[in-house]
Amino acid sequence: MKVLLSWIEEYVDIDMSIEDLAHRLTLAGLEVEEIRYVGLPLPEGKIEGRSGGHARRETKISGFAWAPEQIVVGAVLEVTPHPDADKLVLCKLDDGEQIHTVLTGAPNLFEYKGKGPLDTPLKVSYAREGATIINAYEPGYQPTILKRKKIRGVESYSMACSERELGISDEHEGIILLDEDAPVGAPLADYLGDAVFDIAITPNTARDANVIGVAREIAALTGARLRYPDLKIPMEGPPLEGRIKIKITDPHLNPRFVFGLIENVKIQPSPYKVQLRLKLAGMRPINSLVDATNYAMLELGEPLHAFDYDVLVGRVDNPSHLPTIITRAAKQDEKLTTLDGIERTLDDFTVLVCDQSGPLALAGVMGGLESEITDKTTHVLLEGAAWNIINTRRTVIAQNLPSEAAYRFSRGVHPAMAPQGVLRGLQLMREWAGGAIAKGLVDEYPLPPKDPTIEISSADVRRWLGIELSPDEIVRILEPLEFECKIVIGDKEQGTNSQSPITSHQPRITIATPPHRLDIGEGVIGKADLMEEIARVYGYDRIPETRMADDLPPQRGNHELEIEEALRDQLVGLGLQEVITHRLTSPEREERILPPGTPLADAPYFTLTNPITPERSVLRRSLLASMLETVERNARIRGRIALFEINPIYLASEGSEMPQEAPRLAIALTGPRAPADWGGADVTPMDFFDLKGIIEATLRGLHLKDIRYEAGEHPSFHPGKCACVLVDNHPIGVMGELHPQVKENYELPETPLLAADFDVSVIINTVPELFDVSPIPGPPPILEDIALIVDEAVPAAEVEALIRQTGGLTVTEVRLFDIYRGEQIGAGKKSLAYSLTYQHPEHTLTDKDAAGLRDKIVKRLERELGAQLRG
Amino acid sequence: MLEKLAEIEQVGLATLAEIADEAALNQWKVTHLGRSSAIMDLFKNMGEVSKEERGAVGREANQVKQALEAALTQKMAALREVALRRSLSQERLDVTLPGRAIPRGRLHPVTQTLREIYRVFADMGFQVYRSREVETDEFNFQLLNFPPHHPAREMQDSFYIQSQEERGDNPILLRTHTSPGQIRAMREYSAENPENPPPVRIILPGMCYRYEQVSARYESQFTQVEGLAVGRNITFSNLKGTLSDFARRMFGQNVRARFRASHFPFTEPSAEMDIECFLCGGEGCAVCKSTGWLEILGCGMVHPTVLKNGGYDPERYTGFAFGMGPERITMLRRKIEDIRYFWANDLRFLEQF
């Protein structure tokens with residue numbers, strides 16, 4: 001919202017720099033996003049006693065300054081034709097010092113051409129020779145210096161300026177014609193200069209979306225006094241009572257409705273200063289009547305709506321009936337043509353202002369075309385009302401119709417503002433368009449708001465804010481915001497439920513909410529609301545920083561997160577890079593993890609009703625899919641990729657409309673085992689067992705026990721190179737080499753792609769809280785290598801398991817160090833070479849002991865697996 | 001005899017002096033101290049020496065032998081020294097060659113920032129509480145004092161989830177902030193002792209979603225860390241102290257923080273915390289857009305309605321809450337200009353952390 005410095009200053013005195021004011025407002029919750037200087041000097045880079053703080057500028061600033069010596073108010077005394085150019089005229093211009101001849105092509109002076117000396121000189125913004133103005137013929141805001149030159153034989157060195165040339169607006173169709181009271185020779189910046197604050201209005205500061213609101217805040221922050229506009233206006237016309245009726249059908253939709261009437265107005269342009277203010281505040285000047293409604297709204301925050309009274313009278317069928325305004329909810333699909341000429345189909349939450357013949361306006365949002373004031377209007381019926389916030393809001397969204405009125409009504413306007421707004425509007429219309437104001441207002445007010453009264457004490461301030469304020473100090477803070485405060489010292493009974501340290505002897509303050517704000521709640525909510533008012537006016541910066549003295553809560557930890565983080569640390573330690581991917585995807589994207597023709601599992605997706613793009617329309621069901629996309633994206637830039645992610649997928653859960661958010665671990669590896677270097681690194685492509693090594697190390701690192709790997713089956717994996725991983729007989733995940741047909745679905749390098757997909761919640765539940773450490777054995781170990789020939793089909797895990805079973809505690813380590821296949825041992829066979837460590841925890845083993853055990857092991861392997869000891 | 005001994009010694013020492021390598025030295029040892037060397041021969045033939053002379057010759061012979069042995073030891077040491085010097089001077093590496101490439105694992109930058117945040121708050125007694133990402137309107141908005149159609153909802157456009165049943169004002173959605181966890185945590189803890197619920201001191205990290213066109217500045221998914229402290233003795237002054245401490249730990253001990261009044265439906269009073277720009281020291285730069293300040297987090301005293309909805313009596317308990325964006329913090333600290341880098345997972349980005 002844009003507010004003007006000059007306008008604020010009509011209601012409160014300001015004794016600090018513009019930037020300091022912006023700073024104070026920002027800290028107090030009215031964030032000044034930008035200051036635009038219009039004619040006033042822009043500040044040099046000095047702030048808060050910082051010397052040479054060259055670039056620092058707390059608030060963004062923009063604008064263009066008018067040099068006071070060079071850009072002044074001038075008076076055009078006579079307009080004469082240019083001797084040699086039809087499109088130019090010559091002005092005899094008084095700049096307060098001397099008379100100049102000024103050349104201009106401004107079309108709005110042509111009507112005065114050749115009329116002789118003007119009875120009323122035209123006041124203009126005059127730029128003297130050497131002045132810096134904006135070059136109207138260059139894009140943007142390029143400054144240019146006025147230099148003496150000859151145009152078509154006439155010497156020109158100065159200029160009467162347009163708004164464009166002074167950086168006010170893009171208007172360059174004519175020069176500015178100032179109001180008659182402009183003092184000739186005065187610096188234009190003194191007469192017209194201004195600063196525009198662009199303030200971010202948060203939902204709780206809706207009351208400040210107007211000039212008075214900002215002025216009130218400044219008064220509270222600086223201790224200055226707020227002045228209100230004087231609304232005692234002459235009402236010379238016949239009484240309004242009996243000439244219009246108001247019928248409110250639902251007070252919740254329309255708590256108040258006020259009408260005033262002004263008759264015999266003469267529509268004309270508003271004074272230039274008014275037009276300028278409207279423009280700088282972001283509104284378009286139309287005519288003196290419309291401008292009056294907008295001006296009053298910008299000033300007081302009450303949106304007004306002007307009806308042509310004669311149109312309303314004309315719509316009444318029976319001349320004996322009074323025009324009657326009815327407010328009600330629209331019927332579904334009811335139609336109304338708004339003043340922008342668009343026929344709108346309405347919803348049942350839209351509130352309408354109607355008369356006996358039908359709808360007239362979208363309440364609080366936009367007027368209808370028919371009853372709008374026009375150039376022919378002479379009698380204006382001025383509406384000020386209060387509308388339901390939510391209905392207004394929904395209408396704005398449904399009709400995509402943001403307007404200044406709707407902006408305010410959808411944030412809340414106190415009904416008490418309605419008559420004030422109407423009076424101010426009538427006052428301005430009378431001033432700018434003449435006419436007589438009818439006596440009295442017609443006012444229907446079925447539902448006044450509560451305006452809560454809250455009781456607080458210094459103890460509340462201490463409890464909430466941690467500062468000590470006396471009741472007097474509290475009152476001094478709140479009264480400038482127009483809270484009505486009363487200090488009570490008495491023996492009111494204390495609420496039984498309250499344990500706050502208020503005793504009956506402590507003074508309390510009763511605080512009544514002023515009738516312009518709707519943001520103060522009742523009871524304890526109201527207290528909190530007042531705490532904010534106290535804190536922000538007192539100054540957040542003055543509240544000390546302290547450390548909490550409250551009881552420390554029970555320290556519960558977060559087991560799941562701790563395990564997840566431990567898992568991350570394991571994987572990072574093993575050389576993998578963590579990634580975090582998008583969790584929104586599409587079924588088509590997830591289908592890529594399956595060979596063509598394999599349907600996705602018949603489980604529901606959680607689907608967005610309003611996706612931004614079809615590629616991100618559902619919550620993912622596969623972390624592997626996210627992972628493969630990440631590998632694909634990096635495959636173009638890296639040959640070796642080793643990634644993991646631990647994050648949830650979203651699965652349907654029985655009996656609930658909400659998904660189960662299941663944490664998963666996905667791993668992907670591809671490319672050489674080590675990055676190629678000059679020193680002969682092992683650049684063999686990684687295979688199944690590189691991945692398995694990582695998984696083994698990870699699970700061991702978490703001290704999981706009873707881990708088993710079984711040949712697994714999963715559509716995404718190569719059927720012969722896929723394992724299911726079990727911990728304590730619970731499957732925790734699947735790992736393997738990607739199915740060649742799946743790999744085809746992605747743009748991936750030639751090297752095998754190894755991937756794993758684990759259920760992290762099972763891991764979390766199986767990680768032991770404790771693990772034992774064995775003593776380092778004293779007696780020396782005996783090492784022995786044995787090679788066993790077995791059938792190709794015999795899994796290595798079974799051989800190892802039998803060795804361990806037979807060896808018992810004495811065989812402390814079984815390490816497979818070689819696998820051999822070849823003619824020597826025959827087709828369909830393989831030789832597995834193990835290095836065994838025999839070690840007894842207590843006594844030293846002899847070679848004989850070891851040999852005995854070895855024989856036992858070999859015999860058992862021969863018997864159960866048909867193994868042969870290789871000589 | 002004695003002359004012979006003198007000669008043996010002289011010849012031995014002279015030849016030894018000329019030796020320059022270990023092989024020659026071994027040869028010399030055989031020749032001059034070996035079984036058939038002159039000195040050993042002499043010992044062997046000691047019987048031929050007259051009784052009178054035997055004593056003197058024996059002594060002298062021993063001395064010669066010892067002298068030769070000592071010279072040998074010395075020579076050997078000298079030769080080793082030379083060999084060592086030579087090898088040290090010859091075995092020179094090009095130390096500027098790159099080291100062998102070791103694949104290194106890293107945490108995602110957001111995980112790194114999250115862990116830093118966890119650590120700082122853990123030191124102040126805050127524990128991590130996580131809650132679901134798919135929420136209801138009730139938990140994401142209504143219980144947090146955003147009634148239906150509240151204007152503050154405009155800043156948090158939601159992704160909605162299709163549901164089987166007509167859910168009216170309580171649709172399923174992706175949480176727009178981690179704040180619903182505040183309600184879930186307070187309800188969980190207050191259920192333990194409804195009359196006197198325990199104090200709360202938690203941070204709530206997690207992924208959030210907003211209906212935003214993705215650009216360099218906005219992502220449709222982002223992480224957030226909220227904090228919540230509730231107790232019988234928690235003040236706005238504590239909020240300032242706690243968050244200023246956090247800012248100093250996170251951004252440097254000299255960093256100044258300031259608090260501006262703001263508005264959030266679930267806190268009252270509300271504030272935004274800015275810190276003095278740590279890149280330019282508050283002088284004004286491109287990152288702080290010349291303001292000298294960086295917006296870091298939103299915060300405030302927990303709204304009484306929210307306390308009540310969590311099972312904490314607002315007449316007896318107060319609390320503060322805050323929320324921040326780990327991506328934004330990472331971007332400010334690392335001068336990253338495009339938020340899309342985080343979930344694009346380009347290794348050229350990730351490998352810089």
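Start with chain B, which is divided into domain 1 (2–90) and domain 2 (109–350). This is a predicted model. Colour the two domains of chain B separately: their C-alpha centres lie 89 Å apart.

**The interface**

Now show both chains. Chain A brings 100 residues to the contact, and chain B brings 115 residues. Together the two chains bury about 9,300 Å², with 52% of that on carbon and sulfur atoms. Select Tyr540(A), Met548(A) and Glu657(A). These supply 8% of the area that chain A buries against chain B, more than any other three residues.

Next, zoom in on Arg547(A) and Asp245(B). They form a salt bridge, and their closest N and O atoms are 2.6 Å apart.

Helix α13(A) gives the most, with 8 residues.

**The cores**

Turn to the largest nonpolar core, which has 118 residues. Select Ile534(A), Phe121(B) and Phe322(B), the residues with the most contacts inside this core. Helix α13 (residues 523–538) of chain A contributes the largest share of the core, 8 residues.

Stay on Ile534(A) and display its neighbours. Ile534(A) touches residues including Ile456(A), Val461(A), Leu465(A) and Leu478(A).

Last stop: a second, separate core of 112 residues. Find it through Ile35(A), Ile168(A), Ile199(A) and Ile437(A), which it includes.

Key
Residues are numbered from 1 along each chain as its sequence is written. Chains are lettered from A and ligands numbered from 1 in the order in which they are written. This is a predicted model: local features need pLDDT of at least 70, side-chain atom pairs count only at pLDDT 80 or more; totals for chains, interfaces and linings use all residues. Side-chain values use heavy atoms; hydrogens and water are left out. A nonpolar core is a set of buried Ala, Val, Leu, Ile, Met, Phe, Trp, Tyr and Cys residues joined through side-chain atoms within 4.5 Å. Buried means under 20% relative accessible area, exposed over 50%, partly exposed in between (1.4 Å probe, protein chains only). Helices (H or I, at least four residues) and strands (E, at least two) are DSSP runs, numbered from the N terminus. Contact means heavy atoms within 4.5 Å. Domain bounds come from an automatic or database domain assignment. Buried area is the accessible area (1.4 Å probe) that two parts lose on being put together, summed over both. A salt bridge is a side-chain nitrogen of Lys or Arg within 4 Å of a carboxyl oxygen of Asp or Glu. Lists of a residue's contacts leave out its neighbours within four places in sequence.
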